[in-house]
Amino acid sequence: MSTIVSLPDQQTATLPKRSYLNSEYGLKSWLLTGDHKRIAILYLISITFFFFIGGAMAGLIRLELLTPQTDLMAADTYNKLFTMHGIIMIFLFLVPSVPATIGNFLIPIMVGAKDLAFPKINLLSWYLYIIGGTLTLAALISGGVDTGWTFTTPLSTHYLNTHVITAGLAIFVAGFSSIFTGLNFIVTIHRMRAPGMTWFRLPLFVWSHYAASILMVLGTPVLAIALVLVLLERTIGIGVFDPAKGGDPLLFQHLFWFYSHPAVYIMILPGMGVISEVISTFSRKRVFGYTAVAFSSVAIAVFGFFVWEHHMFVMGVSNYSALVFSLLTMLVAVPSAIKIFNWSATLYKGSITFETPMLYAFGFIGLFTIGGLTGVFLGSLGMDIHLTETYFIVAHFHFVMVGGMLMAFLSGVHFWWPKMTGRMYPEGLSKLAALVTFIGFILTFFPQFIVGYLGMPRRYAAYPPEFQVLNVLSTAGASVLGVGYLLPMLYLTWSLKYGKIAGANPWQATGLEWQIQSPPLTENFLETPIVDYEAYDYEWLANKTKNEVTTVG
Amino acid sequence: MHFISPVLWQFLVNWMTHFALFPPEASRIAPQVDALYFFLILISLVGMAIVIALVAGFSILYRKERNPEATQIEGSTLLEATWTIIPLALFMVTFVWGALLYFRIYDPPTNAMNIYIVGKQWMWKAEHPGGQHEINSLHVPSGRPVQLTMISQDVFHSFSIPAFRVKREVIPGRYTTVWFEATTPGTYHLFCTQYCGTLHSQMIGEVTVLKPEEYEAWTAGSTSGMSLAQNGERLFASLGCNSCHSGNAAARGPNLAAVYSSRVPLANGSYAFVDDAFLRDSILNPTMHVTAGFAPIMPTYQGQISEEGLIDLVEYIKHLHSNYRIQQTLNTSEVQPSNLGQNGITAQRTYTDMHSSQVPQSVQTQRQGTAAQPGVVNQ
């Protein structure tokens with residue numbers, strides 16, 4: 001199989017003498033850093049930690065569902081597990097996954113800046129994330145919470161004795177970490193682009209992060225409001241959501257989904273940015289229809305704010321408002337379709353190679369297409385009545401979030417690993433991991449579409465025995481998937497010491513981040529770059545490399 | 001002899017013989033929902049096939065060995081317009097189709113028979129107008145539209161019958177409705193699909209569809225002896241509602257006879273349509289809708305009547321076509337010699353005491369005379 005990897009001669013290659021990794025030493029130099037790259041690494045370690053906690057819970061959930069009875073754990077324990085799985089995976093992994101790690105590392109470099117606009121706010125954002133994470137763990141250790149990640153009132157306000165307040169505070173605090181990241185990105189992208197870096201020369205990764213940042217800044221405060229109202233209702237009984245006091249329990253649904261629907265775009269848009277970079281690099285071509293892909297991100301961000309009621313079609317909302325929201329839901333599906341087709345068309349007449357990031361990107365395209373199309377099932381009003389609140393929704397959501405976003409995250413981590421660490425990951429093993437993840441994923445979540453259409457409700461600790469076969473398949477898939485996620489964890493750690501030295505531009509990619517040393521200097525650029533070429537200009541890159549001697553170190 | 005474990009063997013055999021991709025189609029709407037489902041699967045398969053063909057095809061045709069040098073292409077407005085408009089058109093077809101179904105599922109026909117459902121942690125209570133009460137089960141006749149008027153006593157629940165392809169959230173503090181027309185007799189799953197706490201997964205039951213004649217037999221055999229409207233009449237009197245809502249010209253409250261499904265003028269100048277929700281709101285939160293020409297003096301009954309009691313009252317008022325029986329009960333109380341106190345509170349208490357002893361009589365006459373009685377029309 002051919003490859004575009006161009007590594008320096010490993011006999012003589014050395015890592016750069018000075019880089020952001022060795023500019024300072026000691027724990028304090030990391031914990032008080034203002035460097036966006038170090039903060040990105042801090043984030044990467046913390047979200048990986050929470051990912052494996054959330055993943056362990058998913059494993060236990062699947063194990064319980066192996067049999068129709070509640071035999072492994074009590075129903076209450078099961079309820080706590082899926083609640084904590086949802087809270088950890090969504091608020092502590094998916095929302096910060098790509099933006100706070102890869103985005104934090106790359107956005108300043110991609111626009112040609114030395115750092116984000118507000119380095120200290122960036123550090124504060126990580127500390128808020130850690131406080132949020134600690135509170136979540138505190139809620140978990142002190143006995144857990146069983147509201148479901150959606151905190152549905154009045155269940156969460158009047159009927160449960162678990163640690164709702166701790167968990168609510170955790171999400172409230174973690175939400176601010178996300179707001180600060182978004183704010184930092186918006187200001188950086190607007191104000192700190194290098195000379196010549198116009199909006200339409202920005203990599204699509206930056207465009208998708210810009211769109212996601214707008215959602216973070218405008219959507220997250222509404223979640224904060226909803227959570228504060230839940231906490232006030234629980235503590236002093238203000239009654240906003242309590243029908244006995246004239247409140248409206250549906251109001252909570254509106255407030256919650258006003259954030260939580262845009263939140264899925266916060267999660268997926270940065271992943272789409274990764275895919276644009278990877279597909280372009282490994283097919284040696286400019287992304288097909290750059291402008292369409294850029295504006296489709298913005299369109300998703302705009303339409304994404306006006307579809308929240310599609311989570312409430314069966315909740316007794318007016319039939320006519322359901323009509324409007326269903327129409328808008330159909331419209332928001334179109335930009336995603338455009339992206340999928342444009343990525344496919346990018347391959348046309350390319351010169352394609354199949355390194356690990358590309359395999360993960362192919363996995364993304366396949367799984368996200370299924371996830372997106374099943375979203376159309378759910379957006380269609382009459383169909384939604386039967387499908388909502390069943391395993392069909394679980395499968396759809398996991399196809400988009402795990403099949404889509406996690407694939408994109410792993411694609412991005414592999415793609416930029418040489419830039420972040422200066423070393424390559426082992427190619428053979430990582431291809432195996434990509435394949436195992438893909439197979440495990442399909443086996444885990446595809447049966448859930450079928451069992452969902454058969455009517456199996458979500459969040460059931462016990463289920464009618466006729467659904468067992470499909471659940472067994474799903475559990476079997478989950479164990480394969482678990483292996484697929486453990487592998488990168490192991491070999492990426494291994495590669496920190498034993499990986500091949502990568503050199504500045506192992507993929508022969510065009511982004512500004514590939515034109516500087518790996519790992520980069522703390523200040524990124526020795527002198528401010530002047531951009532005089534379009535994004536994904538491989539001819540420019542060919543001319544540049546022809547005329548210069550590549551040196552490492 | 002088994003090469004694999006007998007348990008696994010049995011399991012596999014079971015799977016091969018019972019493998020289902022679709023739940024049974026047991027309602028009139030089910031085949032229509034499935035038709036949309038097949039259409040959606042079809043467009044998904046076509047969409048997937050196109051994407052896979054493009055990605056796989058290009059990966060083979062333009063892999064580096066075959067095509068070492070990439071040709072740069074800017075994009076193509078025509079192509080992009082094509083793959084914007086075609087998906088959009090398909091999504092619009094899906095939208096219209098889905099919307100038509102949605103309105104069909106959530107707009108009950110006017111001739112539907114009504115059954116009340118009360119959800120609570122963690123059981124379903126069904127109340128038939130004829131006074132049949134069920135827990136975690138629901139008996140319905142086939143070939144006849146059935147509307148469910150549902151309310152929750154505590155948290156959000158969701159009433160789902162996969163075989164009928166219907167589902168609706170059951171919400172505290174407001175009525176929601178759903179309807180279906182069962183076609184195939186049999187027993188089907190009933191699930192609560194909204195997470196509602198510890199025993200959410202035990203909040204399940206069975207829907208039994210009976211042939212019309214079997215349903216008649218079941219109805220006759222399972223009645224508790226008092227219809228919902230009769231229970232409602234009893235409550236109406238014991239709560240003292242009749243002292244104000246007597247239908248007299250000088251009464252302090254509006255006349256309730258034939259008020260259901262009418263438009264009543266409100267004190268703020270607007271009109272309100274009287275449905276189940278309006279009646280329920282007016283009992284619990286009387287100042288919400290004050291009828292024109294009446295002072296807002298009615299006290300709230302929040303917390304004093306259970307959801308079942310409210311259903312009884314609503315069912316009673318719904319079928320109240322004249323004030324004859326209300327006035328009759330009032331007159332009876334007025335001729336009682338013990339009626340000393342003339343102030344409201346004492347008088348009310350007297351009515352309460354009296355009616356609790358009087359109602360059984362009226363029920364008996366009711367049962368003998370059934371529809372001949374002008375006051376309450378059963379069902």
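This is a predicted model: local features need pLDDT of at least 70, side-chain atom pairs count only at pLDDT 80 or more; totals for chains, interfaces and linings use all residues.
Let's start with helix α11 of chain A, which runs over residues 319-347. Just past the end of α11(A), have a look at Lys349(A), which takes a positive phi of about 60°.

Now for the place where the two chains meet. Chain B puts 78 residues into the contact, and chain A puts in 75. On the chain B side, the elements giving two or more residues are the helices α1 (6-18), α2 (30-61) and α3 (77-106), along with the strands β6 (157-161), β7 (166-170) and β9 (186-192). The largest share comes from α3(B), with 19 residues. Sorted by class, this side of chain B has 43 nonpolar, 24 polar and 11 charged residues.

Chain B itself is divided into domain 1 (21-63 + 79-224) and domain 2 (228-372). Where these touch, domain 1 gives 10 residues and domain 2 gives 8. On the domain 1 side, β1 (113-120) and β5 (146-152) of chain B each supply two or more residues, and the classes there come to 5 nonpolar, 3 polar and 2 charged.

Finally, an unreviewed UniProt entry annotates residues 227-321 of chain B as "domain: Cytochrome c". Over that stretch the chain is 38% helix and 6% strand, with its end C-alpha atoms 17 Å apart.

Note on methods:
Residues are numbered from 1 along each chain as its sequence is written. Chains are lettered from A and ligands numbered from 1 in the order in which they are written. UniProt positions are given in the numbering used here, feature names are shortened, and annotations may be inferred rather than shown by experiment. Helices (H or I, at least four residues) and strands (E, at least two) are DSSP runs, numbered from the N terminus. The expected span of a helix is 1.5 Å times one less than its number of residues. Two residues are in contact if their C-beta atoms, placed from the backbone, lie within 7 Å. Ala, Val, Leu, Ile, Met, Phe, Trp, Tyr, Cys and Pro count as nonpolar, Asp, Glu, Lys and Arg as charged, and the others, Gly among them, as polar. Domain bounds come from an automatic or database domain assignment.
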